[in-house]
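Subject: Handover of a structure and notes on its contents

Dear colleague,

Please find below the structure that I am handing over to you. My notes on what was found in it follow directly after.

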Amino acid sequence: MAAALAEASATPPARLGVAVSGGGDSLALLHLLHDWAAANGVALSAATVDHGLRAAAAAEAAMVADVCAGLGLPHAVLRWRGWEGRGNLPDAARRARYRLLGDWARGQGLAAVALGHTLDDQAETLLMRLARGSGVDGLSAMAARREAGGMVWLRPLLGVRRGTLRDLLRARGVGWAEDPSNDDPAFDRVKARRALAALAPLGIDAAGLAATAGRMATARAALAHAAHALAQDCVSIEAGDVVIDRPLFEAAPEETRLRLMAHALGFVGSAEYRPRLASLQAALGAALGGRRRTLAGCLIRPRARSLRITREYRAVATLETRPDVLWDGRWRLSGPDSNGLTLRALGPEGLARLPGWRDAGLPRDSLIAAPALWRGPELVAAPLACVDATSPQGWRLWPEKGRQDFLSALLSH
């Protein structure tokens, strides 16, 4: 594990977090990290997410707290109570888990959070994604180091089997909790686990699938560099929109075009995942055929020599924040006293109050989806619709991310 941590993080962080559920994988990680942190002068902190979905979860969190106390480590319990009984429960729980852990880590000043994913998790994930018809990105390995949500996530156990970790705990006399959902065939991961056991006689095992995922990750990196090279030549960022030079874009291979378009949609829409391949292909085909298309909360607007990806107004029509808060994950505002003011989309009604908006040189679609400053029903300022990007009242609006962020993210994702 020390080698894995060294590969994921060239210099040991001064402060490291670890997510511990109470299961065998994460408890083994906790003990291994405790030893490693002591040897490397790293301050280690642990956190357990209680999703509030099982009666035993609170007791498991308390068990982890006792283990951490015995190791002399600080421990926090993070509680999620956001499940409303609709949608994809595993996905909602996973998103909540990462959000809670990220907020906790930033609040504690931690450089990264370690997770207990194993080689078996890697193989099961690949099998589930095969079933969904995933392409190269979906079939690529989970990364040993990943930056997401403003936090660095480390997975130092990706080369270790689940059984090996339990053997380590038994040797140390450490017990662990078993989540009953791990045996519930209603969940895809359990189905994948059972399918792996059935496929083992054919030589299709966890180690082989994990190796395949690693090779797919290598292929993904090569494709990402091709998309990055294309983006350097044909992408500009204007008022938060991605503008693509159409002739250069159309001359590129289809895979590169799809990758670049998916990235543009994620950049504008702040999406965590790229769209499904079939939806992406259909939207891009329509746009190249001259038809406007919406996808992932964005509008693809074709012109003779360009494709412009802007935020879809409907995706932000009800979004309202304080003026000092990052809006839509993309925009920041600065200016005079903002008491009693809110930041929300300009919208068609707001644009109608600005007869000179065309002088700003931006498309109507971009402006109605851009943030404006409001006092109740009164439009106070619409900086993006002003020629000099600064409203007469002194308000200035600028995008959180620019072209360099767009290019860098192509490679880091």
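Rings of Phe, Tyr and Trp (for Trp, the six-membered ring) are taken as a pair if their centres lie within 6.5 Å; planes under 30 degrees apart count as stacked, over 60 as edge-to-face and the rest as tilted. The model is a predicted one, in which local features need pLDDT of at least 70 and side-chain atom pairs count only at pLDDT 80 or more, while totals for chains, interfaces and linings use all residues. Residues are numbered from 1 along each chain as its sequence is written, and side-chain values use heavy atoms, with hydrogens and water left out.

Aromatic pairs

Y98 and W153 are both buried, where buried means under 20% relative accessible area, exposed over 50%, and partly exposed in between (1.4 Å probe, protein chains only).

The rings of F267 and F406 also form an edge-to-face pair, because their centres are 5.2 Å apart and their planes are at 80°. F267 is in helix α11 (residues 254-269) and F406 in helix α16 (residues 403-412), so the pair ties together parts that are 139 residues apart in sequence. Both F267 and F406 are buried.

The surroundings of D121

D121 is located in helix α5 (residues 119-131). With a relative accessible area of 9%, D121 is buried. A polar atom of the D121 side chain lies 2.8 Å from the backbone nitrogen of T118. Leaving aside residues up to four places away in sequence, D121 touches D25, G116, M142, R162 and R189, contact meaning heavy atoms within 4.5 Å.

Two packed helices

Helix α9 (residues 206-234) packs against α11 at an angle of about 75°, and their axes are 9 Å apart. Axes are lines fitted to C-alpha atoms, for helices over the stretch in contact, with angles from 0 to 180 degrees between N-to-C directions. This makes α9 roughly perpendicular to α11; angles of 65 to 115 degrees count as such, under 35 as roughly parallel, over 145 as roughly antiparallel and the rest as oblique. Residues of α9 in the contact include R220, L223 and C234, and those of α11 include E255 and R259.

Loop residues

G175 is in the loop between α7 (162-171) and α8 (188-199), and is partly exposed at a relative accessible area of 48%. The C-alpha atoms of G175 and G24 are 7.9 Å apart, although 151 residues separate the two along the chain.

A239, in the loop between β7 (235-238) and β8 (241-245), has a phi near 55°, a positive value in a residue other than glycine. A239 is partly exposed, at 21% relative accessibility. A296 lies in the loop between β9 (293-295) and β10 (298-303), and phi of A296 is near 55°.

Yours sincerely

Terms used. Helix = DSSP H or I, 4+ residues; strand = E, 2+ residues; numbered from the N terminus. Polar contact = N/O pair within 3.5 Å; in protein donor to acceptor, adjacent residues only side chain to side chain.
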